Amino acid sequence: MSKVILVEDDERLATLTAQFLKGNGFEVEVINDGADAVEKIIVVQPDIVILDIMLPNQDGFSICRAIKNEYLGPVLFLSAKDSDFDQVKGLEIGADDYVIKPVEPFVLLARLNALLRRCQNKPQNLDSLTLGKLNIDKADRRVYLDSKEIELTSYEFDLLWALASNAGETQSREFIYKHVVGREYDGLDRSVDVRISRLRKKLGDNLEQPFRLITVWGKGYLCSKSAWD
């Protein structure tokens, strides 16, 4: 049974959501005040966190920032804030998914299960990968560029590994969504594009004319074999 912490100040919505998830095999703990969320998430280490943004005393964005180095599981924002800016911000600070309220319960369930599958399917074998000055340690989930450690979110690490372990080969969005995100690509979701942009910034790529993580228009993304020296 997967453990969920639901941080939601709307008590009626929290109750209905918790009841639905419990009816579908989840163990759910509800937190109504943002001030209580950070410590609880770090101590409990649930399998997944569902996080509202507009919360009393501490908002969801600041909670996500506060837990990112001490909580290893996925974070899903569930918020009525539907602007592109808020969605991009949520993904850039480390959330794994962003769902806009109101959402059909079974859609939320599908997104949760997709995130859990992605985490459960992470490769566990001890392995590493080196491309020039880029070194990826899969066992410790650490990335180094020119001997300097690059801090990545769990999602960013999985995305980089999927591309770098197939360097020189174009990986389609369909492949990335299935094997990294954990769900089928719907043709509209741009969360992977946001993560690619974020990775480029962290890895010193050229944002206007990328040469390390390359967009292959109409096909997907390619990690260069030779651009890491």
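**Exercise 1.** Determine how the radius of gyration of the protein, taken over C-alpha atoms, agrees with that of a compact globule.

*Solution.* Step 1: the globule rule is 2.2 Å times the number of residues to the power 0.38. Step 3: along the principal axes, the C-alpha atoms fill a box of roughly 55 × 35 × 30 Å.

The model is predicted: local features need pLDDT of at least 70, side-chain atom pairs count only at pLDDT 80 or more, and totals for chains, interfaces and linings use all residues. Residues are numbered from 1 along each chain as its sequence is written, and side-chain values use heavy atoms, leaving out hydrogens and water.

**Exercise 2.** State what share of the 229 residues is buried, and explain why L55 counts as buried or exposed.

*Solution.* Step 1: buried means under 20% relative accessible area, exposed over 50%, and partly exposed in between (1.4 Å probe, protein chains only). Step 2: buried residues make up 48% of the protein. Step 3: L55 counts as buried because its relative accessibility is 11%.

**Exercise 3.** Locate L55 in the chain and list its contacts beyond four places in sequence.

*Solution.* Step 1: L55 lies in the loop between β3 (48-51) and α3 (60-67). Step 2: with contact meaning heavy atoms within 4.5 Å, L55 touches V7, E8, D9, G34, G60 and I63. Step 3: D10 is 45 residues from L55 along the chain, yet their C-alpha atoms are separated by 9.0 Å.

Terms used
Helices (H or I, at least four residues) and strands (E, at least two) are DSSP runs, numbered from the N terminus.
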